[in-house]
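Please keep the sequence and the 3D view at hand while reading.

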Protein chains: 2
Amino acid sequence: MILQGKRTWVFDKPPVIIAAGTVVGPDEGEGPLAADFDLVHPDLEMGQPTWEKSEKLLMEQAADIALQHAKLTKDRLNFFVGGDLMNQIISTTFAARTVGAPYIGVFGACSTSMETLAVASLMIGTGAAEFAMAGTCSHNCTAEKQFRYPTEYGSQKPPTAQYTVTGAGASIVARAGDGPVVTAATIGKIMDLGIKDPFNMGSAMAPAAVDTIQGHFQDTGREPGYYDLIVTGDLAGVGHPLASEMLKRNGVPMEQTKFQDCGLMIYDVEKQKVQAGGSGCACSAVVAYGHLLKRIRKGELRRVLVVATGALLSPLSYQQGESIPCVAHAVAIESSHPGYQGGVTA
Amino acid sequence: MILQGKRTWVFDKPPVIIAAGTVVGPDEGEGPLAADFDLVHPDLEMGQPTWEKSEKLLMEQAADIALQHAKLTKDRLNFFVGGDLMNQIISTTFAARTVGAPYIGVFGACSTSMETLAVASLMIGTGAAEFAMAGTCSHNCTAEKQFRYPTEYGSQKPPTAQYTVTGAGASIVARAGDGPVVTAATIGKIMDLGIKDPFNMGSAMAPAAVDTIQGHFQDTGREPGYYDLIVTGDLAGVGHPLASEMLKRNGVPMEQTKFQDCGLMIYDVEKQKVQAGGSGCACSAVVAYGHLLKRIRKGELRRVLVVATGALLSPLSYQQGESIPCVAHAVAIESSHPGYQGGVTA
């Protein structure tokens, strides 16, 4: 019985994140977390004829690096759980063709990072897999092209808009090994407070983050102070303060912990032209798998709750006047070495 | 340890499909399985202003009927695992907003029916949920509009093309109760033999069905004769004979069992203008949840392997000259009453 409360899985044998791989584009390579990523591409094309093929390459490279770090051949993977923002999640699916592992495609927009990690952890934590890979990717130009305007337009944006991260993150979860562990995962409900502006997705997603964070505490009996850090996925400059305010009003003692957002961490929002901050499936994936896992391995962080947020709109639903349904999935990642203060091991 | 072989889950406490709901459109209502569906819409509009809203309605109705049959209120659902063919799976996501349960969005094209049932069964079989709903939907006109041409064109099609089923199917899986049980699930790998013609998806998907069927027997040690019936999802008139031929060449003794295809069962392919047969997420969902579950409950079938097939292309990947990656997920559904010969209970 790993179900605790309504919608949280608590693992008595916590799955181990034995390795991860992160790949990013040039803007992320100029951001404050650049040193934490395994591979930084100097340009957005990456030698590919289309943006979509560039995005697929990112996912393939992240998967490859994760496998190398894990010292695993890809035939050892029981399952690859992955997804992305593209119509019919083609980037991940085509990468899965390369990886060759049994494949579970998921869609959670930018919450896909933790949706895939939650499902992969469920498999490992219940004996349904020996090795499972979770992965996701996004590319600034594929997202612009699909959700907004042709990239050639160079269209202007309001300051509430967000900047899609170019990158991919993959993690390999196993029953045993060296690395941070997944102790719990909370699955999100669709939250929709009626916001219809796709240039203000942070505000649309904030209630989903709040609902999942509160649900996580309710289900587990944990308090914010259990974590050294709680990070939302990509609420950015408009949505994150809104989520803070909502949690405060709801009486959640968030002052016990640090509360940050991957979309604000990945860029120097003041200097880089990213409007309100980062977004995209890769945003929370590369921050979690690049930056946060390394800080946990270094002993700088012990317990982190990553709350990846997703705006589940499509251009068509927007055109038909629908509001933006949002979701957030939370995964608790903790150090497996209580006294561990050493360097990065892999 | 529920992992058996490389990619199959075998449940020692088999999850029970306690209820299901199926809703279809007018063409399916004129097909040979019409009497097995819970609700038949007389037209494709269903009183909605857009095809997408009609498709969402189908999913909402199927979920609602499944909950009624299960005598469950929706707040009892721990999770809703769902997806569909639409960009960003909007039909299911907007239906999930109505259902209100914690939501795992997946994408497996037409394999989504069994992908969602496999994941929901994993949750139940491992104690990760008490009640989980699996569901998917498709609508002929949303699929035509998105993947092919504007519906107003009435464009001609080659005889290898398939006809997207209008409908939705939902099942509710639980740890105990009355109903057929899920004894095993095998997750598919991406198979791509280089077919690029979206009007011949049956041929593209056949190798994926074959690979998953063979993987299922390899992992479980079962033989085709273990099953009264093995059904593929939507290989239809071109793909299904191809899969039969491939299995024969590979030495799989399929003569031990009946081998059919949901895309050929749902329509009278000779009389109805459906080209090679049915396709779409709803095809295998409504045949499995409407027709097959009823036959199992009646005692006409004891053990069925449903192998849902999916063509994971997007219009963009096709336009960029890519071939069609395909996948198939198999779920074994069996009678829980070895001597049961009674009527339909729910």
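A residue is called buried when its relative accessible area is under 20%, exposed when it is over 50%, and partly exposed in between, with a 1.4 Å probe and protein chains only. The model is predicted, so that local features need pLDDT of at least 70 and side-chain atom pairs count only at pLDDT 80 or more, while totals for chains, interfaces and linings use all residues. Residues are numbered from 1 along each chain as its sequence is written, chains are lettered from A and ligands numbered from 1 in the order in which they are written, and side-chain values use heavy atoms, with hydrogens and water left out.

**Chain A as a whole**

Chain A has 10 helices and 15 strands, where helices (H or I, at least four residues) and strands (E, at least two) are DSSP runs numbered from the N terminus. Its radius of gyration is 18 Å, which agrees with the value near 20 Å that a compact globule of 346 residues would have; the radius is taken over C-alpha atoms, and the globule rule is 2.2 Å times the number of residues to the power 0.38. Along the principal axes, the C-alpha atoms of chain A fill a box of roughly 50 × 50 × 35 Å, and 67% of the 346 residues of this chain count as buried. Contact here means heavy atoms within 4.5 Å; among the contacts in chain A between residues at least 6 apart in sequence, 79% join residues at least 24 apart.

An automatic or database domain assignment gives chain A a domain 1 (2–174) and a domain 2 (181–345). The centres of these two domains of chain A, taken over C-alpha atoms, are separated by 16 Å, and 63 residues of domain 1 are in contact with 62 residues of domain 2.

**Helix α3 of chain B and its cover**

Helix α3 of chain B (residues 90–99) is largely enclosed by the rest of the structure, because eight of its 10 residues are buried. The buried residues are B:I90, B:S91, B:T92, B:T93, B:F94, B:A95, B:A96 and B:V99. What covers them includes α10 (315–319) of chain A, together with α2 (51–70), β5 (79–84), β6 (103–105) and β7 (131–138) of chain B. Just after this helix, B:G100 takes a positive phi of about 85°.

| Residue | Relative accessible area | State |
|---|---|---|
| B:Y153 | 60% | exposed |
| B:S317 | 4% | buried |
| A:M133 | 0% | buried |

B:Y153 lies in the loop between α5 (140–147) and β8 (163–164) of chain B. From C-alpha to C-alpha, B:Y153 and B:H69 are 40 Å apart in space and 84 residues apart in sequence.

B:S317 belongs to helix α10 (residues 315–319) of chain B and, not counting residues up to four places away in sequence, touches A:I90, A:F94 and B:E322.

A:M133 is found in strand β7 (residues 131–138) of chain A. Leaving aside neighbours within four places in sequence, A:M133 is in contact with A:A63, A:L77, A:F79, A:F80, A:V81, A:V99, A:A170, A:S171 and A:I172. A:M133 and A:A70 are 63 residues apart in sequence, with their C-alpha atoms 11 Å apart in space.
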